[in-house]
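Dear colleague,

Please find the structure below, followed by a summary of what was found in it.

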Amino acid sequence: MRRKKKMMKLDDVFTQNIKTCAIVGHVSPDGDAVGSTAALFLYVRRNYPWIDAELYLERPKESLMFLPGLSDAFFETPEESTRDLFVSCDVSSTDRFGVAGNLFPLAKKTFCIDHHVSNPLFADINVVDAEASSCAEVLYGLMDPAKIDLDIATALYTGLVHDSGVFQYSNTRGKTLRVAADLLERGVPASRIIDESFNQRTMRQSRILGKVLQESELYMDGKVIVGSVTLGDMSSFEVTKKDLDGIVSEMRLVQGVLAAVFIYETEPGVFKVSLRSNGDLDVSRAAGTFGGGGHIKAAGCTIQGTIPNVRRMLLDELAKYI
Ligand SMILES: [Mn+2]
């Protein structure tokens with residue numbers, strides 16, 4: 001007789017043997033990385049009081065700093081020492097840990113909670129659901145519903161909202177909405193989270209968005225849109241790379257576009273590329289060719305060169321799938 005395998009829960013991992021735990025999100029943390037790590041951090045602190053839990057993130061953008069738990073987070077690289085457990089949320093590979101990657105090889109046990117299709121299952125315990133909208137959605141499934149308080153619900157809801165584009169991207173499934181409904185019923189201030197952490201832009205962010213949209217160009221009979229920002233642009237618009245979030249999603253909305261490519265310079269001659277797709281085109285394949293990764297419809301990579309040759313390399317790669 002085959003016994004039904006019991007679903008793994010956080011209670012199975014955070015046992016009495018775990019005394020120290022580092023929780024880590026990905027580089028340039030977005031709403032899902034910040035929301036899911038903050039939710040897990042609070043959950044561990046409040047439910048496993050014998051565990052010394054630490055949250056490590058690169059400093060999130062200001063609009064996410066309202067999240068409960070962040071006032072106790074560390075934004076700098078810790079001294080190397082062993083933790084009983086190292087947990088990553090929303091991190092697709094071991095080179096994307098952000099400030100506390102140095103703790104990963106030293107940890108006694110590692111635990112990966114994620115939803116990236118490209119995740120190679122790098123930890124001792126891996127819970128990776130590529131169908132989930134967000135890491136927050138995966139994490140919710142691991143939690144005991146009775147232990148989700150309003151702060152934890154707020155952090156989870158923020159992760160859901162950001163990675164699903166307020167439940168509009170195609171990664172939004174029935175389960176995403178059922179999780180959101182449950183969190184809403186727990187009293188999460190949903191419209192405030194959506195407006196203040198997702199929809200609103202500073203004037204500078206609006207202006208750089210306008211510049212990119214104004215100057216972006218169509219290729220391959222209008223199937224690919226490409227836009228870019230140099231370090232020079234960033235300094236003249238007085239913005240940092242955190243202010244460029246959401247630009248590629250706006251580019252994607254142009255009619256007829258199958259793929260949007262947004263190229264921005266992070267240091268002289270080094271370009272981060274954000275890719276978005278409409279329809280079935282798999283941009284994580286294109287990103288993977290250049291050593292990056294992500295999801296089918298949202299991926300990224302880093303390429304060295306100049307804007308014209310980075311653009312050419314990406315267009316040549318995308319032409320193989322279009
Ligand atoms: Mn995510």
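In what follows, a residue is called buried when its relative accessible area is under 20%, exposed when over 50%, and partly exposed in between (1.4 Å probe, protein chains only). This is a predicted model: local features need pLDDT of at least 70 and side-chain atom pairs count only at pLDDT 80 or more, while totals for chains, interfaces and linings use all residues. Residues are numbered from 1 along each chain as its sequence is written, and side-chain values use heavy atoms, with hydrogens and water left out.

**Metal site.** Asp90 counts as buried because its relative accessibility is 1%, and His115 is buried at 2%. Both belong to the protein donors of the manganese ion, together with Asp32 and Asp163, at 2.1 to 2.3 Å from the ion. Donors here are N, O and S atoms within 2.8 Å of the metal (3.2 Å for Na, K and Ca); water is not among the atoms, so sites may look incomplete.

**Domains.** The chain is assigned domain 1 (10-198) and domain 2 (203-319), with bounds from an automatic or database domain assignment. About 810 Å² is buried between domain 1 and domain 2, this being the accessible area (1.4 Å probe) that two parts lose on being put together, summed over both. Lys61, Val117 and Tyr169 supply 45% of the area that domain 1 buries against domain 2. The rule finds one salt bridge across this interface, a salt bridge being a side-chain nitrogen of Lys or Arg within 4 Å of a carboxyl oxygen of Asp or Glu. Lys61 forms a salt bridge with Asp245, their closest N and O atoms being 2.8 Å apart.

Yours sincerely
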